[in-house]
Amino acid sequence: MNTIMLKTLLSTIFSFTILFCSAQNKLLTYQDLQYIIQNNPALVNDFLQQKDYHLQPGSSNTETHFFELYADTDYTDILIALNKRRTIIRLSTTHLPQVEMIQKALAAYPFKNNKDAKIYRIKDGTISTIAMKEDGQQVNGTKLYTFEVEN
């Protein structure tokens, strides 16, 4: 193999690695959800904006709304609601890698099937429950998943 082909191959591999890593950066992990629950809204806003989520107009002191568009119909929508001592995160997404990342983190926890949701009892000091709902609605052929996280 000559050096030009080798350089081209290495450049291609490097480019795909960069693209894959930057795409993973936007996904929220279980630890990210813990961070969002634990911290004050100003820190959470900075954190989510660093992950390239966009703060939506109309957000207030008690409700903050973020949005990330991955592709035409592939998105994640985050609503953070503060109610005195409780914080609720509602994450709605059609982005399957985001769903898989959270499901993988929850695999070790016991759950109870409700008629329309799977409810995980976490009780780790930060998060008490996570409810996962797979909506029957189809958004342009893509399923919509909703996670509701409470402290």
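## Aromatic pairs, core and loops in a predicted model

A search of the whole structure finds 4 aromatic pairs. Rings of Phe, Tyr and Trp (its six-membered ring) pair if their centres lie within 6.5 Å; planes under 30 degrees apart count as stacked, over 60 as edge-to-face and the rest as tilted. Two of the pairs are set out below.

| Pair | Class | Centre to centre | Angle between planes |
|---|---|---|---|
| Tyrosine 35 and phenylalanine 47 | tilted | 4.8 Å | 45° |
| Phenylalanine 111 and tyrosine 120 | tilted | 5.5 Å | 50° |

The model is predicted: local features need pLDDT of at least 70, side-chain atom pairs count only at pLDDT 80 or more, and totals for chains, interfaces and linings use all residues. Residues are numbered from 1 along each chain as its sequence is written, and side-chain values use heavy atoms, with hydrogens and water left out.

**The aromatic pairs in place**

Tyrosine 35 lies in helix 2 and phenylalanine 47 in helix 3, so their pair ties together parts that are 12 residues apart in sequence. Helices (H or I, at least four residues) and strands (E, at least two) are DSSP runs, numbered from the N terminus. Tyrosine 35 is partly exposed, at a relative accessible area of 28%. Phenylalanine 47 is buried, at 17%. Here buried means under 20% relative accessible area, exposed over 50%, and partly exposed in between (1.4 Å probe, protein chains only).

In the other tabulated pair, phenylalanine 111 is partly exposed, with a relative accessible area of 44%. Tyrosine 120 is buried, at 6%. Phenylalanine 111 also has a charge over its face: lysine 118 lies there, 4.5 Å from the ring centre. The criterion is NZ of Lys or CZ of Arg within 6 Å of the ring centre and within 35 degrees of the ring normal.

**Fold and confidence**

The protein chain has 4 helices and 8 strands. Along the sequence they follow the pattern α-α-α-β-β-β-β-α-β-β-β-β. Of its 151 residues, 34% count as buried. The accessible surface comes to about 9,500 Å², and 55% of that belongs to carbon and sulfur atoms. Areas come from the Shrake-Rupley method with a 1.4 Å probe; for residues, only the protein chains shown count as cover.

Among contacts between residues at least 6 apart in sequence, 41% join residues at least 24 apart. Contact means heavy atoms within 4.5 Å.

Mean pLDDT (the predictor's confidence in each residue, from 0 to 100) is 82 for the protein chain, and 81% of residues reach 70 or more. Confidence is lowest in helix 1 (residues 3–25), at a mean of 52, and highest in helix 4 (residues 96–106), at 93. Over residues 14–24 the pLDDT is below 50, and this stretch has 1 contact in the model beyond near neighbours in sequence.

**The nonpolar core**

A nonpolar core is a set of buried Ala, Val, Leu, Ile, Met, Phe, Trp, Tyr and Cys residues joined through side-chain atoms within 4.5 Å. The largest one holds 25 residues; Leu48, Ile78, Ile127, Ile130 and Phe147 touch the most other members. Helices 2, 3 and 4 are among the elements that each supply at least two residues, as are strands 3, 4, 7 and 8. Helix 2 gives the most, with 4 residues.

Take isoleucine 127. Leaving aside neighbours within four places in sequence, isoleucine 127 is in contact with Tyr30, Leu33, Gln34, Ile37, Ile122, Val149, Glu150 and Asn151.

Threonine 87 sits in strand 4 and is buried, at 9% relative accessible area.

**Loop residues**

Most residues other than glycine have a negative phi. Aspartate 52 has a positive phi, near 80°. It is found in the loop between helix 3 and strand 1 (54–55), and counts as partly exposed at 33% relative accessibility. Lysine 84 also has a positive phi, of about 55°. Lysine 84 lies in the loop between strand 3 and strand 4, and is exposed at 85%.

Threonine 62 belongs to the loop between strand 1 and strand 2 (63–69). Its relative accessible area is 45%, partly exposed. Threonine 62 and alanine 81 are 19 residues apart in sequence but 5.6 Å apart in space, C-alpha to C-alpha. Beyond four places in sequence, threonine 62 is in contact with Ile80, Ala81 and Leu82.
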